[in-house]
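Here are a few notes to go with your first look at this one. Have the viewer open and follow along point by point.

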Amino acid sequence: MKYILILFLVLSCSANAQLKFIIEDFEGFADGNTDLGPNGVFVFGNMHAGIETQKPVHKSYSGDRDICISKNGKEEFGGWGKGIGLNVELDPYKDHLNFYVYQSVPGDTGTVKIELQEDDNGDNTYQKEMDDSWVYKYKLDGKSSWELVSIPLSGFRDDNYGGDGVFNVNYREGKLMCFIMTFQNAARYKEGESWYFDFICFSQGKLPVGNALFDAPVVSPGGYCSLGAWSKEGNMANFTDIASAFEKNFKPEWDKNLGVVHFFQPFAFDGGDQQNLYPSVERINKVIQQGYMPMITLEDHFVNSKSTLKQPNLYSIVEGHFDPFFTEWAKQIKQVKGTVLLRILHEFNGDWYPWCIVNNDKNPQLLITAFRRIHDIFNAQGVKNVKFIWCPNSMSWPQENWNFIMNAYPGDDYVDYVGLDIYNGAGKDLSVWRSFRKEGIENYFIITQRLPTKPVFVCETASRERESFESTASQDKAGWIRQTSEALSTDMSGVRLFAWFNEKKTFRIDTSPGSKTAYLEYILKNDHFKPGTSYIPLLVGR
């Protein structure tokens, strides 16, 4: 047998333990089994699966829902799994696979075979002839109580000789295609015998937990997160209305202010193809005078353009076609009487903007060169009051090796802060529901590990409401916000700015009384989240 690691086991100390990637936390599911297929969950053989809500106590780490696997058939085998098909940065020398498990029948010490299938040859499918399958057999302890299982990846062995015998699950060599759990004693189990699983995930070191089994990890005191927002009122360039429109949702219960006002400025709004939208020094100064810090997203495209000409891309920036425009921008920002947070070329690892890497010959070096060019133009004008934000999306799309976010990092000398945009429900079609922690943790881990000196901002975030045709047993937007608060004050406590995207009908914070109340109770009234700008100077002075 081939092993990931022979006679050498690295156990990370608890100080270095950190959640890395969530295979499934089941928070987006409704009770029952209607959501399994759309979420990539499957069963086989004599097993049946259904989602159940934890009652009566919410478990802060694993959440409100788990999956129940029960024997329901005469076949001699059975199990369940989750299709993944993503690049996941896993380290076989340090990382663990974790899950919570509970079995309904005490004393039964059956064995489950846990299988991780990978794609070695880059064809986005698992084939026995070409790829590896890594296996670990875990003996259930027979307890009729919840337990947390944490298995080092170094303990998995290669169970298929078709691949290259190397654990290739990363952005350079291969994708994690599937997680499968097979019951080795399935034939002897009694009809209806059940097992419950939750929070299947990977971590660096053992999964960090708090004082109790389901407590999220305790973080050191002194952590904080400032608050910001973008709101549609900014479309009329009345930037101070952004904050007031958002804040009024929570008065009189909350009488404080946000810290950051976020607004977007494209090349032009007028439907043409000539760049003519420059920052208004007067309006930005007004934001600062009223006690807020401005965060501007400079969008390198023409909004509402009716021209047949192509939108600007990275080549047009790298070749200098917009140097005069950026120069004038720099001159205007220089006149602002305060610090400006400037976000450029954001969400470059998606496929929806003309500056996205996929739309520029899949070449991340172009993003680096373009980012540096804009930055250098500001430097050439002697602009001292601007801080640059490099901001990938929470998930890279498409999932390909060239679209790894660190391939497009401009360098520490060009980036002051690192951002992430984390949404539940973005996209053209009704999307799969994802918790904030599930959607954001992978790139958060990569950023905090690779760029430990750079403060992290969540520059855009929001959740949709459930649609009327979706099950009322599903998690709602209020529940999503509650778990977001838990994630930001535990696993993702390095985030220093949380800015709500208060736009579009489904994303606004006031789409339901429940979502407003959840934001008030779990964000605004949580001491981890700081109003105003009193904490922001700790960052801008860096």
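1. A word on terms before we start: two residues are in contact here when they have heavy atoms within 4.5 Å of each other. Also keep in mind that this is a predicted model.

2. With that in hand, go to Asp131, which sits in the loop between β8 (111-119) and β9 (133-139). Is Asp131 buried or exposed? Its relative accessibility is 0%, and buried means under 20%, so Asp131 counts as buried. Setting aside neighbours within four places in sequence, Asp131 is in contact with Glu118, Asp119, Asp120, Asn121, Thr125, Tyr126, Asn160, Gly162 and Gly163.

3. β8 and β9 pair in the antiparallel sense, with seven bridges between them, and Gln117 stands opposite Ser133 of β9. β9 also has strand β11 (residues 157-158) as an antiparallel partner, joined by two bridges. There you'll find Val135 opposite Arg157 of β11.

4. Next, have a look at strand β5 (residues 65-71). Seven of its seven residues are buried, so β5 is largely enclosed by the rest of the structure. Which residues lie on each side of β5? On one side are Arg65, Ile67, Ile69 and Lys71, on the other Asp66, Cys68 and Ser70, and both faces are covered.

5. What pairs with β5? Strand β4 (residues 47-53) does, antiparallel, over seven bridges; Glu52 has Asp66 of β5 as its bridge partner. Strand β13 (residues 194-204) does too, again in the antiparallel sense, over four bridges. To find that pairing in the viewer, pick Cys68, which stands opposite Tyr196 in β13.

6. Strand β6 (residues 78-86) is mostly covered as well, with seven of its nine residues buried. β6 pairs antiparallel with strand β3 (residues 41-45) over five bridges, and Phe44 faces Gly79 of β6 there. A further antiparallel pairing, over six bridges, links β6 to strand β12 (residues 175-183). In that one, Gly83 has Cys178 of β12 as its bridge partner.

7. Now for helix α6 (residues 436-450), where Asn443 lies. Still, α6 has a kink of about 35°, centred on Glu442.

8. How many residues of α6 are buried? Twelve of the 15 are, so α6 is largely enclosed by the rest of the structure. The buried stretch takes in Phe436, Arg437, Lys438, Glu439, Gly440, Ile441, Glu442, Asn443, Tyr444, Phe445, Ile446 and Ile447. These buried residues pack against β2 (18-24), β13, β19 (417-424), β20 (456-463), α7 (477-488) and β21 (495-502).

9. Zoom in on Asn443 while you're there. At 3% relative accessibility, Asn443 counts as buried. Beyond its neighbours within four places in sequence, Asn443 is in contact with Asn349, Asn393, Ser394, Met395, Ile405 and Leu420.

10. Helix α9 (residues 513-524) can be checked the same way. Its twelve residues should span 16 Å at 1.5 Å a residue, and with its end C-alpha atoms 15 Å apart, that agrees. The buried residues of α9 are Ser515, Ala518, Tyr519, Leu520, Ile523 and Leu524. What covers the buried residues of α9 includes β14 (225-231), α1 (240-247), α7, β21 and β22 (529-530).

11. Searching the whole structure turns up three cavities of 30 Å³ or more. The largest cavity holds about 50 Å³ of space. Which residues line the largest cavity? They are Asp25, Glu27, Tyr61, Ser62, Gly63, Phe199, Ser435, Arg437 and Gln483. Arg437 is also one of the buried residues of α6.

Terms used. Residues numbered from 1 in each chain as written. Predicted model: local features only at pLDDT ≥ 70, side-chain atom pairs only at ≥ 80, totals over all residues. Heavy atoms only, no water. Buried < 20%, exposed > 50% of the residue type's maximum accessible area, 1.4 Å probe, protein only. Pairing = 2+ DSSP bridges. Bend = angle between axes of the 7 residues up to and from the residue. 1 Å grid on protein atoms, 1.4 Å probe; cavity = no way out; pocket = protein on both sides within 12 Å on 5 of 7 lines; lining within 4 Å. Points joined across faces, edges and corners; volume = space filled by probe spheres on them. Expected span 1.5 Å × (residues − 1).
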